[in-house]
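Welcome to my notebook. Here I jot down what I looked up, one stop at a time.

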Amino acid sequence: MSELRRRIYRLHTGLIGLLLLFFLCGSASAAGGDPWAPFDAPWFDQVGIAEGLPHSVTTALVQDRQGLIWIGTQGGVTRYDGYRTQVFGAGIGTAAGLPDAYVRSLLALPDGGVLIGTDAGGLARFDPASNAFRTYPIGANGTSDGKIYTLATDHAGGVWIATERGLDHLDLRTDTISHLRLGPGISSRNFSVLQDRAGNLWLGNNNGLFVRHTGSTGFVRPAHADGAPRNAGVATVLSNQVWAIHEDHSGRLWVGSGQAGAAYRDIDGQWQTVPGFSGYQGTARQPTVRDFLETVAGTIWIGTDGSGVIEYTPGSDHVRMIDHDAAVPSSLPGSGVRALLQDRSENIWVATDFGAARTNTRARTAFSMLPSPLNPLALANSNVHGIYVDSRSRIWLGLSSGLIDVIDLKAGSMQHLHLGGSQAHRDVHSFTETADGSIWVATQGLARIDPDTLAIQSSVLPALDNTTVLNLQSDASQLLLGTYEGAYRYDTHTHKLDHLTHLANDPHSLASNTVRQITRVGSNWWYSTTAGISIASDTSGDSFDQLTHRSGDPTSLPQDFVSSVTLDPKGRLWVSTFGGLGKIDPYVPGGPYRFHNIGIQQGLASDKLNAVLADGSGNVWLSMSNGVAAVDGDTLAVRNLGTRDGLRISGYISIAAAHAPGGELLFGGLGGLTVIRPQEQPPKNRNAPLMITQAVLDGVSLPFGQLPHDGDTLTLNRHGRSLRAGFALLDYQAPMETSYSYRMEGFDDDWIELPKGSLPTAIYTNLPYGDYTLRLRAKTHGMYPRSIETSLHVSVSPFWYETILANILGILLLLVAIFGLVHLRTLYLRQQARNLQRQIDDRTRDLQAANQRLDQLAGTDELTGIYNRRRFLELVQDRRKLATHHAGCMALLDLDHFKLVNDTYGHLAGDAVIRAATAVIQQHCRSGDLVGRYGGEELLLCLPDTDLQHAMVVSERIREALAHTSVEHDGQSISVTVSIGVAAMCPDESIEQWLSRADKALYEAKRAGRNRCVIAS
């Protein structure tokens, strides 16, 4: 049969089974279970050829001691860590591979290995110490046949092997196989085997079910009551080919047959039927039962070859089918189920004829309802625009294209309605219920539905037939309508229609013509618009108070684009906007309206919020542009839901939201309906390990048995010094939402974050010699995020020249070489130093003479040869420090009427006068006195260790000498006088202050008539 024909056949078979099972199911609420159970279809993530499986037909599943999943296929066996697949196929030549690529059964061994039963090649054992397979012989000292149907533990260090031609036992301690004699009346063909907790050995045979009781040596048929109608089905099952046997936690024994369905023996020893699935259905035969799995206490999944999975709880009068749905990608990939497995993180794995699939049973906070034309309990359309719960607890969903779904949780049913006329292809946005029980529908205009017959009356208000109604509320006899063109009030009794709009010059009109939601808050109606909130006191008023965002005011509305408003049970008001969430606590009618704003900085994944709902505990839940978040009503802590919580629909653009009758929260999105169970807490269990699942050291792959665990040490060869370590969090939940990072302490400065979607792998090459710590980290996301770390020691072996002995020898040789070189260089440098010293001495003498000359030139006045101002003041400062008893005087001399000399005789004559005056001053100075030119015709005289009286004597002598001096220039005789200001040095006085006092005294001398000496005060 071709693959396409097989798909069509199984789809046809599945649809027949689906209709049969829905007939059997009835309501979930009647059985006292979760009313959402008929609608909560498991979401399966597929592992198929695209993920690396060698064949689409998967046949067996097992989780090994380390936590990795092994998937048997018709093309080999695959080891899977949630990200990587490593395929093992049939050996070629002398290669130690599988004896046959068609794998029928798998069993995990205590040493980390795996037993593989094949279709024709017999039994093989995977050795984790070498990553090789060892095949057991067929016949003597081996298995009875090459076709191995089932492998089962005997709970005592051995394995039972059901084959085409007998029943064998493998002793793992001695690694020997023995054959069991089955006795007369028992076919040699055995499909299944199980040793229960009491030690009884059950055999699923071609001729039915047999048991070897504890202490017995022979097999017999189990006792059951024949004749009763109920037990007729049991007898048919037990006498048919038995393909699957399972013992659940309560001790029930489940038996699945080749054509007669399944039955079970209860804990009191009585055999029971599975409703509609025990015995033949007239002339029709049941699909083959391949496996059983207890998912939660008392609930059994029955894997069938052709009808998917049948879910049944003992004592219930109905079953539930979990089957492939061609319209739903998240359904089982195929209806032919070969094996079932629940791993240590409580994921359920299903091996189908179109790949393996897994579903997370712990993800119960949220689930999604999707559309499917093949399932009457699925949505009719994926776009949920409006949600409403009527007085009969029915849930109304407004969809695209005029479609409406009505969910009745009490009956466990769903009805699909379709608007007619001009509304047949329009989106359905909102619903409300009037006093007579009629359901009004907001779409392109309004429609009305009879609450009993569900008859639809389209276009009940022709005036609005061309108006898109976004929101609908009822208040007594009036309907309030939010549209893109403002708000309307419609009286269902008088049929009066009023229109409210935004008026640019009226601050009390609607804030905007786009009214997204109308909400009753206390006694007021709040209109949520794209320009803020307009608050009306009642339906008859046309005047509104406005709430808007004010720039710079953190207590104002977060943003003017308002999507929804809700009042929680604790009296707190919450407003969702396109700029975050606003909270008023407590809400007081009339204000003041002071908001506490919550946005991306507080942890929201997006600030583009659509709907906000409060749960019974006062926490609020938000639908966003990229998911759903929960905000703690008291602490305001934000938690964003993820796949681990069951959230599968990530995009929400409408304000569709409502409280379900049981307290669940409903959010509509582009992908379907999301149902939130706000009180759901994930079961507590141990954390899944973060493990290295593949490792390549210096180019050589490590066998699985040598992979390091937390705290172990890896040693890298001195030649390669490279490490490639693939790692994974082995919980198999939301792998794309788990973020990974790694860090080599002692080498990396910080954590290396791996890009989302990449294989978690740590890669290092050319690591320097030394000891390191490799840290691996996985972070999960969602409502309950956690961080898991694993670390191992990494030791890099040194080269010979990096050893301690080599380093010591090298250091000694280096020291000897250095000593020799230093000695030779010392001799050379000494000779060079002597030659250089001679050159230095010669150059130093020349340099000192030059420096002395430069210093003299730098401090000498070019005209007179005395000190210039800068040098004079430096020397005065030095002399002042050395003066005894702080004694000393300074005289400032200024040639009288010097400008007249320049103007009369010329500047050269002026220069001759200054030189002559300088000579006179020097004649009256001692060797320690200082003479300098202050500037122009002003000269300075410093008399160290001289009191004021003696300084005046010297100054008068100089004045008189200059007065009697005549300067000859160009045949002309020039006379000049001088005015002198004399100042004695004062303690704690700066040079500038000292000079300033002398300058003031000089000024007094000039003002008094010149040619005189004046003492400074």
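For surface patches I took residues with over 30% relative accessible area and no salt bridge, joining nonpolar side chains (Val, Leu, Ile, Met, Phe, Trp, Tyr) within 5 Å and like charges within 9 Å. Accessible areas come from the Shrake-Rupley method with a 1.4 Å probe, and for residues only the protein chains shown count as cover.

I kept in mind that this is a predicted model, where local features need pLDDT of at least 70, side-chain atom pairs count only at pLDDT 80 or more, and totals for chains, interfaces and linings use all residues. Residues are numbered from 1 along each chain as its sequence is written, and side-chain values use heavy atoms, without hydrogens and water.

**Patch.** I found a nonpolar surface patch of about 980 Å², made by I804, L805, I808, L809, I811, L812, L814, L815, I818 and V822. I placed L815 in helix α3, residues 804–858 (helices, H or I, of at least four residues and strands, E, of at least two are DSSP runs numbered from the N terminus).

Next I saw β29 (386–389) pair with β30 (395–398) in the antiparallel sense over four bridges; pairing takes at least two DSSP bridges. G386 has G398 as its bridge partner. Five residues separate the strands of this hairpin, and S393 in the turn has a positive phi of about 65 degrees.

**Salt bridges.** I noted 46 salt bridges, each a side-chain nitrogen of Lys or Arg within 4 Å of a carboxyl oxygen of Asp or Glu. In one of them, R677 meets D40 at 3.0 Å, N to O. The two sit 637 residues apart, R677 in the loop between β55 and β56 and D40 in the loop between α1 and β1.
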